[in-house]
Amino acid sequence: MEEDDEGFRYPIIDSEKCIGCGRCHKVCPMENTPVRHQEEKVVYGGHHISTDVVLASTSGGAFSAIVDGWCDMNYVIFGAESKGTRILHSYIEDKRDISIFRKSKYAQSEIGNSYIKTKEFLKAGKKVLFSGTPCQIAGLEMFLGSCNRTNLLTIEVICEGIPSPLLIRKLSKHYGDIRDIDYRNKTKYGHWDFQMMKIETSHGAKVIDRWFNPFWSIWLQHLISRPSCYECPFATKERVADISLGDLWGVHLFCPELYNHNRGASLIICNSKKGKEALNHALPFMEGHFLQYEEAVKYQSPLRKPIEYNKRREVCLEDLRDDAITYKEIVSKYATKPSIRLLIHKYVWGNRQKMLLWNIFNKRR
Ligand SMILES: Cc1cc2nc3c(=O)[nH]c(=O)nc-3n(C[C@H](O)[C@H](O)[C@H](O)COP(=O)(O)OP(=O)(O)OC[C@H]3O[C@@H](n4cnc5c(N)ncnc54)[C@H](O)[C@@H]3O)c2cc1C
């Protein structure tokens with residue numbers, strides 16, 4: 001796998017060693033359609049019963065609840081961990097080590113030998129919980145071919161595309177170095193929907209909230225996503241993974257009782273029988289309730305369609321490649337500033353304040 005000049009990794013075929021069997025094309029999830037679950041979905045919203053777990057997780061800690069319930073004996077868990085600004089797929093054999101996989105890392109993980117190891121573990125009779133992006137799950141399914149999947153549970157994150165690492169590298173240069181990034185930092189008071197980013201450098205830590213963060217602005221304008229994300233074949237209702245996990249966006253509108261003091265709320269969609277069984281095992285570790293599919297996914301466009309192409313994408317990536325262009329210049333050219341209306345909505349009178357009143361009113365009743 002080699003990086004291209006946008007920072008995305010692609011397989012490179014060694015023409016001297018290639019025997020032309022075409023197997024790589026046969027297992028490519030972009031060229032073939034992996035089996036998608038068609039059965040009726042079960043949807044659950046809520047959060048882990050432990051506040052510490054919720055605060056250490058991106059959303060409501062549903063991933064940890066599923067691990068708690070499903071991983072009993074003889075299991076392996078695969079997920080994405082960060083090593084500085086690099087994101088690697090790896091595995092653990094003891095669920096007490098789960099913290100390395102917690103928290104969304106908004107960059108493509110290097111899959112390494114995770115697919116090969118998964119096959120080996122399944123063949124050895126181990127239970128394997130494999131988590132990743134929808135395309136990584138599709139890649140795994142294609143790779144496994146006829147391998148017995150009885151002991152495999154796949155969990156995908158609902159995904160709005162993968163950003164190029166070039167922006168974070170520019171940011172790293174700006175700070176001198178970055179030791180670690182927590183993309184969705186929470187305080188003991190919560191602030192889940194503020195999506196605060198905590199950047200650890202050798203000079204200390206910096207926390208930036210969602211509305212003033214150039215990373216969120218540039219990425220979510222879809223200026224730096226991987227080319228395949230704009231035509232993602234997995235951004236549909238029918239899913240490849242057993243379970244899809246996301247944020248319970250819109251919680252204040254259709255189930256305010258699950259807002260969880262802005263500490264984080266999870267959306268769990270079970271796409272298969274195996275997914276539903278795993279949810280049943282996770283329920284003792286969750287607080288929440290079942291939801292209607294259509295209502296719960298209203299604010300989840302990645303479950304309906306791929307992201308839209310931004311016409312400024314190529315020029316933005318060209319600027320990011322240019323060493324002479326500084327991070328500050330990138331920010332002033334591409335990042336948007338929050339409007340006064342948005343700031344009033346976020347800080348003065350908006351969902352958070354309405355939820356505060358809702359909580360006070362409902363406690364009194
Ligand atoms: C690139 C990306 C885009 C996302 N986009 C959306 C979105 O548009 N809407 C939405 O509702 N949710 C989105 N999510 C999912 C959301 O951020 C949470 O990951 C999810 O709700 C699980 O949270 P949790 O509290 O249950 O678990 P946590 O304990 O926080 O679990 C994190 C899980 O995410 C996996 N993970 C973390 N980083 C990566 C990565 N780089 N590649 C593959 N897997 C990773 C871990 O392996 C683990 O399974 C996205 C996640 C990622 C990584």
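**Notebook: salt bridges, loops and a surface patch**

I searched the whole structure and found 21 salt bridges, a salt bridge being a side-chain nitrogen of Lys or Arg within 4 Å of a carboxyl oxygen of Asp or Glu. The model is predicted, so local features need pLDDT of at least 70 and side-chain atom pairs count only at pLDDT 80 or more, while totals for chains, interfaces and linings use all residues. Residues are numbered from 1 along each chain as its sequence is written, and side-chain values use heavy atoms, with hydrogens and water left out.

**Entry 1. Individual salt bridges**

Side chains of opposite charge can pair when their charged atoms come close. I looked up lysine 83 and found a salt bridge with glutamate 81, with 3.6 Å between the closest N and O atoms. Glutamate 81 is buried at 13% relative accessibility; buried means under 20% relative accessible area, exposed over 50%, and partly exposed in between (1.4 Å probe, protein chains only).

I then turned to glutamate 120, whose side chain meets that of lysine 117 in a salt bridge at 3.3 Å, N to O. The two are three residues apart in helix 4, and therefore about one helical turn separates glutamate 120 from lysine 117. For the elements, I used DSSP runs numbered from the N terminus: helices are H or I of at least four residues, strands are E of at least two. Glutamate 120 is partly exposed, at 43% relative accessibility.

Next I recorded the salt bridge of aspartate 193 with arginine 352, whose closest N and O atoms are 3.9 Å apart. This pair links distant parts of the chain, 159 residues apart: aspartate 193 is in the loop between strand 8 and strand 9, and arginine 352 is in helix 14. Aspartate 193 is buried, with a relative accessible area of 15%, whereas arginine 352 is partly exposed, at 21%. I also noted one network, in which salt bridges with shared partners join Glu6, Arg313 and Glu314.

**Entry 2**

Asparagine 185 has methionine 196 in strand 9 as its bridge partner. Strand 8 is mostly covered, with five of its six residues buried.

Within the loop, I found glutamine 195, which is buried at 10% relative accessibility. Glutamine 195 touches Tyr183, Arg184, Ile208, Arg210, Trp216 and Trp249, residues up to four places away in sequence not being counted; contact means heavy atoms within 4.5 Å.

**Entry 3. Positive phi values**

Most residues other than glycine have a negative phi. I noted a positive phi, near 70°, for histidine 191, which is partly exposed with a relative accessible area of 22%. Lysine 103 also has a positive phi, near 85°. I located lysine 103 in the loop between strand 5 (86–92) and helix 4 (114–123), and at 17% relative accessibility lysine 103 is buried.

**Entry 4. Helix 9**

In helix 9 (residues 273–282), I found Gly275, Ala278, Leu279 and Ala282 buried. Seen down the helix axis, these buried residues fall within an arc of 105°, so they line one face of helix 9; the arc is that of the directions from the helix axis to the C-beta atoms. They pack against strand 3 (42–48), helix 3 (62–70), strand 7 (152–157), strand 11 (243–247), strand 12 (266–270) and strand 13 (286–291).

**Entry 5. Nonpolar surface patch**

I recorded a nonpolar surface patch formed by Phe212, Ile340, Ile344, Tyr347, Val348, Trp349, Leu356, Leu357 and Ile360, with about 930 Å² of accessible area together. Helix 13 (340–348) and helix 14 (351–364) are the elements that give two or more residues to this patch, and helix 13 gives the most, with four residues. Patches are made of residues with over 30% relative accessible area and no salt bridge, with like charges joined within 9 Å and nonpolar side chains (Val, Leu, Ile, Met, Phe, Trp, Tyr) within 5 Å. Accessible areas come from the Shrake-Rupley method with a 1.4 Å probe, and for residues only the protein chains shown count as cover. Leucine 356, in helix 14, is exposed with a relative accessible area of 56%.

**Entry 6. Isoleucine 13**

I placed isoleucine 13 in the loop between strand 2 (9–10) and helix 1 (23–26), where isoleucine 13 is exposed at 51% relative accessibility. Leaving aside neighbours within four places in sequence, I found isoleucine 13 in contact with Cys18 and Cys24.

How values were computed. Two strands pair if DSSP finds at least two bridges between them.
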